[in-house]
Amino acid sequence: MQDLAHSIWPELGGLTILPRQPFYELAKQKLSDYRNSVASEAVNAVNKFMRSARFKHFPAERAKWVAWALSEEHGFPFRYEKVLTTHTDTTRKIGAYRHKLVVKTLAYHVKRVQKPVDQMREHPPHNALALAVTAVERALKMWESGEFIPPKSRTEENKFSDRLWGRTANQYMGSIVSLSEEQWEGILQLTEQHARGLVPDCDDDGSDTDTGDYDPSAIPTSGGRATIEEDCEFDEPQDHRLVNDGRADRGRQ
C-alpha cells in the first residue's frame, strides 16, 4: 500500500503507512466499499438472469441450472460464454471468463476505475476478473434452492470478505494468470461493450430470447477453478447442440 501511495502521490515523501493509522484505515475502507460494490453488481446481474423468462416460473429449473453451473466436477461452466455438444456428443467450451454474468460484473470495475479498456490491454485486470467471477459464484449460490435466499444482513456470512472468499478468488487466479492475449482481448471487448451499454440486455422479465438449452450430464469431468478447458472458436462444426449460451446466440461469436 505504501509503495502504491508513493507512486500516486510522490509529495508524501517519507510517510510511513502502518495499520490503524488514518491513511491505512481509509484505504482499507475504500477497498472494502469497492469489493462490496462488485458483489452487489454480481447479485443484481444474477438476480435479473434468474428472474428472466428462461426460469421465471420454474424454481426447479433454476436449481438444476445453478447446480450445473457451479459444478466443480464439470469445471465451473458458468465461466464460459458457450458450452455446446456436437453431433458426435463431444463437448466444447468456448469463451473462458466471457459468460455475460462475469463480463457484466467486470464492466462495473471498468466504469468504477474510469480507465479506458485500451489502457488495460498491456496490463490486464487479473485481480478484478478474479474478484468478479468470485462475486458471480457467490451470487449464484444464493439461488441454489431455486429461490433467492441471500445471507442474513449484518452477519459474517453476508460479507464479501477475504476470509470467506479469498481462497476462491485465489483459485480462479490460477487459471486467469494463464489467459492468453487473445483470450484477454475477447474478455475486454465484451466488458467494454457492457460498460458502454452497447449489448442488448435480454434478461428482463418479459424476454424469452435467452432460452438456450443445456444438459449437465453432457459436460465432461475436468479440473476446478484453477484450470480452464477452452476450444477454438473457429471452424465450429455445423451440427451442434447448445448446452449453455452466455449471450443467447446459437453457436456463433
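View 1. R62 is buried, its relative accessible area being 6%. In this predicted model, the side chains of R62 and E147 form a salt bridge, with 3.8 Å from N to O. The pair joins distant parts of the chain, 85 residues apart: R62 belongs to helix α3 (residues 59-69), and E147 to the loop between α5 and α6. E147 counts as partly exposed, at 42% relative accessibility.

**View 2. The salt-bridge network of D118, R121 and E185.** Salt bridges link D118, R121 and E185 in a network. Between the side chains of R121 and E185 the N to O distance is 2.7 Å. R121 lies in the loop between α4 and α5 and E185 in helix α7, 64 residues apart. R121 is partly exposed at 28% relative accessibility, and E185 is partly exposed at 27%.

**View 3. Helix α7 and its packing.** Helix α7 covers residues 181-195, and its end C-alpha atoms are 20 Å apart, which agrees with the 21 Å that 15 residues should span at 1.5 Å a residue. Its buried residues include W184, I187, L188 and L190. The buried residues of α7 pack against the strands β1 (80-86) and β2 (91-96) and against α4 (100-113), α5 (126-141) and α6 (162-176). Just after α7, G197 has a positive phi of about 70°.

**View 4. The salt bridge of K141 and E144.** The closest N and O atoms of K141 and E144 are 4.0 Å apart. K141 is partly exposed, with a relative accessible area of 34%; E144 is partly exposed at 45% relative accessibility. A search of the whole structure gives seven salt bridges.

Note on methods
Residues numbered from 1 in each chain as written. Predicted model: local features only at pLDDT ≥ 70, side-chain atom pairs only at ≥ 80, totals over all residues. Heavy atoms only, no water. Helix = DSSP H or I, 4+ residues; strand = E, 2+ residues; numbered from the N terminus. Expected span 1.5 Å × (residues − 1). Buried < 20%, exposed > 50% of the residue type's maximum accessible area, 1.4 Å probe, protein only. Contact = heavy atoms within 4.5 Å.
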